[in-house]
Amino acid sequence: MAREQLIAMAYHWNEFDDRAALAFALSGKVAALLARSVERRGTALLAVSGGTTPAKFFAALSREQIAWNKVIVTLIDERFVPASSPRSNAGLVAANLLQNAAAAARFVPLYHEAASIEDAARADNEELKALPWPLDVAILGMGGDGHTASFFPDADTLPTLLDPASPRIVLPVHAVSAGEPRLTLSAARILEADFVAVHIEGAEKRAAFDEAMGPGPKKPIRAVLDAAPVPAEIYWAP
Ligand SMILES: O=C1O[C@H](COP(=O)(O)O)[C@@H](O)[C@H](O)[C@H]1O
C-alpha cells in the first residue's frame, strides 16, 4: 500500500471556520461520549492536555449538561510545578474546565510535591491504578516541535514513553526542550482510549502537523498516530 494511503488511515481531519466553532463541536462530541460511558458503565474517564490551546474548549465543555458527578478528569501530562504556577496544566483545568456544570467532576492531578520527578511518577502510578481504565476520551495537543503529551523529540526515554506495551500509567520525562521535568501518561494508556483527538489551532500548528506527518525523522505525534488502533480525530481551526 502507498505511504500516502497508510498516513491517510492514521487520522481523520476535522476543520472549522474559527476556534469558537471548533470548541463548540469538540465539546459536544466529548460530552456525548462521556454521557454514553456514564450510561454504560456508571462512570467516565477523561484525560485532557494543557498548554495554551484548550481554554475555549474547556469553557464550552464546562457548560455541557451531563452527569459530571460521575466523571473523572485527569491530565495527559503535567509540568513539575505546583497548581499555583502559570505553567501548571492543573491550574488551567481548574480555571477553565472545573466550573459551571463541570464543577461536579472529580479531578485527579498528576503533580504532587516529591523529592524527584521519578518519585512523583511512581506515586501517581499507584494512585491512578484505582481509576476506571481505559480512558473513554483522550484529548491531545501538539507543540510546534511535533511533541504530544510530554513525548518530546529530545526526551531521554522516548522509546519507553512511546512503548505501546508499557504497563506504566504515568512516566517521568526529562527533555532539555521541555523546560522543567514532566509527568505524562504513557502512550500505551492514551492509545487504549475509546476516542483520541488532537486539538490544534493556527496556521503554524497546521504546518507543523503536516511536516510531522510527512517524510523525514518520525516525530512523536506521528509515532502516536501511527500506533493508534483506530484513526485519531484531528480538530483544527485557523
Ligand atoms: O507542553 C505542552 O504543550 C502541548 C501543546 O501546548 P500548546 O500551548 O502549544 O497548545 C500540550 O498539549 C501539553 O499538554 C503541554 O504540556
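**What the labels rest on**

Modeller: Let's start with Glu192, which has a relative accessible area of 36% and is partly exposed. Keep in mind that this is a predicted model.

Biologist: Why is Glu192 called partly exposed?

Modeller: The partly exposed class runs between the buried limit of 20% and the exposed limit of 50%. Glu192 has 36%, so partly exposed is the label.

Biologist: What makes Glu192 and Arg189 a salt bridge?

Modeller: Their closest N and O atoms are 2.8 Å apart. The cut-off is 4 Å, so the pair counts as a salt bridge. As for Arg189, its relative accessibility is 11%. That is under 20%, so Arg189 is buried.

Biologist: How many salt bridges does the whole structure have?

Modeller: A search turns up eleven. One of them joins Asp77 and Arg182, with the closest N and O atoms 3.6 Å apart. That pair links distant parts of the chain, as Asp77 is in strand E4 and Arg182 in strand E8, 105 residues apart. There's also a network of salt bridges that links Lys218, Arg222 and Asp226.

Biologist: Are Asp77 and Arg182 buried or exposed?

Modeller: Asp77 has 5% relative accessibility and Arg182 has 4%. Both values are under 20%, so both residues are buried. As a general point, side chains of opposite charge can pair when their charged atoms come close.

Biologist: On to helix H8. What puts its buried residues on the same side?

Modeller: The buried residues of H8 are Lys205, Ala208, Phe209, Ala212 and Met213. They cover an arc of only 125° around the axis, so they sit on the same side of H8. The face turned away from that buried side carries the exposed residues Ala203, Glu204 and Glu211.

Biologist: Which residues have the most contacts inside the largest nonpolar core?

Modeller: Ile139, Leu185 and Leu225, in a core of 85 residues. Helix H2 gives the largest share of this core, eight residues. Leaving out residues up to four places away in sequence, Ile139 touches, among them, Leu26, Val30, Phe57, Ile76 and Phe195.

Biologist: Why is Ser186 called buried?

Modeller: Its relative accessible area is 0%. The limit is 20%, so Ser186 is buried. Ser186 lies in the loop between E8 and helix H7, and its contacts beyond four places in sequence include Phe151, Leu161 and Arg168.

Biologist: Where is Glu118, and what does it touch?

Modeller: Glu118 is in helix H5. Setting aside neighbours within four places in sequence, Glu118 is in contact with Pro172 and His174. Glu118 and Leu171 are 53 residues apart in sequence, yet their C-alpha atoms are 7.7 Å apart in space. At 30% relative accessibility, between 20% and 50%, Glu118 counts as partly exposed.

Biologist: Which residues are closest to the centre of the largest pocket?

Modeller: Gly50, Gly51, Met142, Gly143 and His147, out of 22 lining residues. The largest pocket holds about 310 Å³ of space. E4, strand E6 and strand E9 each supply at least two residues of its lining.

Biologist: What lines the largest cavity?

Modeller: Its lining is Leu191, Ala193, Asp194, Phe195, Val196, Ala228, Pro229 and Val230. About 30 Å³ of space lies in there.

Biologist: What about the backbone?

Modeller: Most residues other than glycine have a negative phi, and most peptide bonds are trans. Here, Asn100 has a positive phi of about 50°, and Ala149 has a positive phi near 45°. Asn100 is partly exposed at 45%, whereas Ala149 is buried at 5%. Finally, the peptide bond that joins Trp133 and Pro134 is cis, with omega about 5°.

Definitions and conventions: Residues are numbered from 1 along each chain as its sequence is written. This is a predicted model: local features need pLDDT of at least 70, side-chain atom pairs count only at pLDDT 80 or more; totals for chains, interfaces and linings use all residues. Side-chain values use heavy atoms; hydrogens and water are left out. A salt bridge is a side-chain nitrogen of Lys or Arg within 4 Å of a carboxyl oxygen of Asp or Glu. Helices (H or I, at least four residues) and strands (E, at least two) are DSSP runs, numbered from the N terminus. Buried means under 20% relative accessible area, exposed over 50%, partly exposed in between (1.4 Å probe, protein chains only). A nonpolar core is a set of buried Ala, Val, Leu, Ile, Met, Phe, Trp, Tyr and Cys residues joined through side-chain atoms within 4.5 Å. Contact means heavy atoms within 4.5 Å. The arc is that of the directions from the helix axis to the C-beta atoms. On a 1 Å grid over the protein atoms alone, a cavity is a set of points where a 1.4 Å probe fits but cannot get out, and a pocket is an open set with protein on both sides within 12 Å along at least five of seven lines; lining residues have an atom within 4 Å of a point. Grid points are joined across faces, edges and corners, and a volume is the space filled by probe spheres set on the points.
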